[in-house]
Every structure is written in C-alpha cells, then in structure tokens.
Amino acid sequence: MTGSEFGRYVARMDPRQREQAILRQILAGDVPSFLRKLVPVKLSFQESDGRTMNATIFAMPEYLAIGTDKDFLRIPMNLYTAAAVASKMGFVLPTRKIVDAIYEQAAVHFAPQPMTAGPQMRSTEYYLTHNAKVEEQSRALGVVPGQLVSGDKKDVVVSNRLER
C-alpha cells in the first residue's frame, strides 16, 4: 500500500482503529526501502572518573513511514503502538541523549512547522497536512532518501517520567 492509499484507508477510522492499522501495516513490512538502511550514530559519555565511553547505535534515517520510496506517509503513532513496533522489530525507543545525538549528526535539520494544537492533532487529516509540509521542505532542501534527518516531527522519547 502506498502512503496515499494508507491515508485514504485510515481516514474514517477512529484513533484506536487507526493505531491497529498502523501496527499491522508496519509489521507486514509496508515501509519504504530507504528506511531499512540504518544510519550509524555515535554516542559518547564521560564517566565521573573522567573516562569516556563511546558507542555506535544505528537509527532509521527518517521518521517511520508507511508506503513506498516514492509515496510514503510519515506516520505518528501513540506510545503503545510505537513500543509494540520497536519490540516486535528488535528496536528500542530513543532516549533524550539518543535523540540529541541524532539531531547533532543529522545531514539535514528541518525547520519546525508548528500547527494549531487541539483535538484535531489526532486526526488523519492533520497527519496528511503535516506530512505534506515536511515533504515540501524536504524537496526544497534537496534531501536524498536515506540521509539522516531530524526536526521533522516530535519523537517518542523513553524517559523515567513515563512511569509517573
């Protein structure tokens, strides 16, 4: 299913049904091929004794999307769907440190394009409008699919605050 087709498919669903459809589609492998090529992101941490620990993680180059390389929809999802996707695919949700490292190392930083807050934020129409804005900016910046980018959407970030 292309991103446009998926947008039409979920347009009249309630949020719960849409989240289920998102999960099914992603787990069925309906993800653009450029998202399957993970990008290395270097992390470093200085311990209290002054030693530095370095690690490399691998992140998707763009926000998770449904569809093909030519027609995809960057797809927001709730925490439960995001956690299920990560768990089933052997990934982890990022921490703040990981998100910050991705931002620092991204080839392209999208400029924020805030939209009006409110209950409409959970609508498929809102998702489609925001995706179109990001896509327009992506074309203007000359983004090549597979480049590490950041700033196009808010991230679901693992935090101790989730327990509270």
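Colleague: How exposed is Glu47?

Modeller: Glu47 is partly exposed, at 23% relative accessible area. Buried would be under 20% and exposed over 50%, with partly exposed in between, using a 1.4 Å probe and protein chains only. This is a predicted model, where local features need pLDDT of at least 70, side-chain atom pairs count only at pLDDT 80 or more, and totals for chains, interfaces and linings use all residues. Residues are numbered from 1 along each chain as its sequence is written, and side-chain values use heavy atoms, without hydrogens or water.

Colleague: Which residue does Glu47 form a salt bridge with?

Modeller: Arg51, with the closest N and O atoms 3.5 Å apart. The criterion is a Lys or Arg side-chain nitrogen within 4 Å of an Asp or Glu carboxyl oxygen. Arg51 also meets the side chain of Asp49 in a salt bridge, at 2.9 Å from N to O. Both Arg51 and Asp49 are exposed.

Colleague: How many salt bridges does the structure hold?

Modeller: Five. One of them joins the side chains of Arg139 and Glu135, at 3.6 Å from N to O.

Colleague: Why are Arg139 and Glu135 about one helical turn apart?

Modeller: Because they are four residues apart in helix 5, residues 124–141. Helices here are DSSP runs (H or I, at least four residues), strands likewise (E, at least two), numbered from the N terminus. Arg139 is exposed at 58%, while Glu135 is partly exposed at 23%.

Colleague: Glu62, then. Buried or exposed?

Modeller: Buried, because its relative accessibility is 10%. Glu62 sits in the loop between strand 2 and strand 3 (65–67).

Colleague: What does Glu62 touch?

Modeller: Leaving out residues up to four places away in sequence, Glu62 touches Phe34, Leu35, Arg74, Val149 and Asp152; contact means heavy atoms within 4.5 Å. With Arg74 there is a side-chain polar contact of 2.9 Å. That term covers N or O pairs within 3.5 Å, one able to donate a hydrogen and the other to accept it within protein, and sequence neighbours count only if both atoms are side-chain atoms.

Colleague: Change of topic. Where does Lys97 lie?

Modeller: In helix 4. Lys97 is partly exposed, at 44%.

Colleague: And which residues is Lys97 in contact with?

Modeller: Beyond neighbours within four places in sequence, Leu43, Ser44 and Phe45. The Lys97 side chain reaches the backbone oxygen of Ser44 at 3.1 Å.
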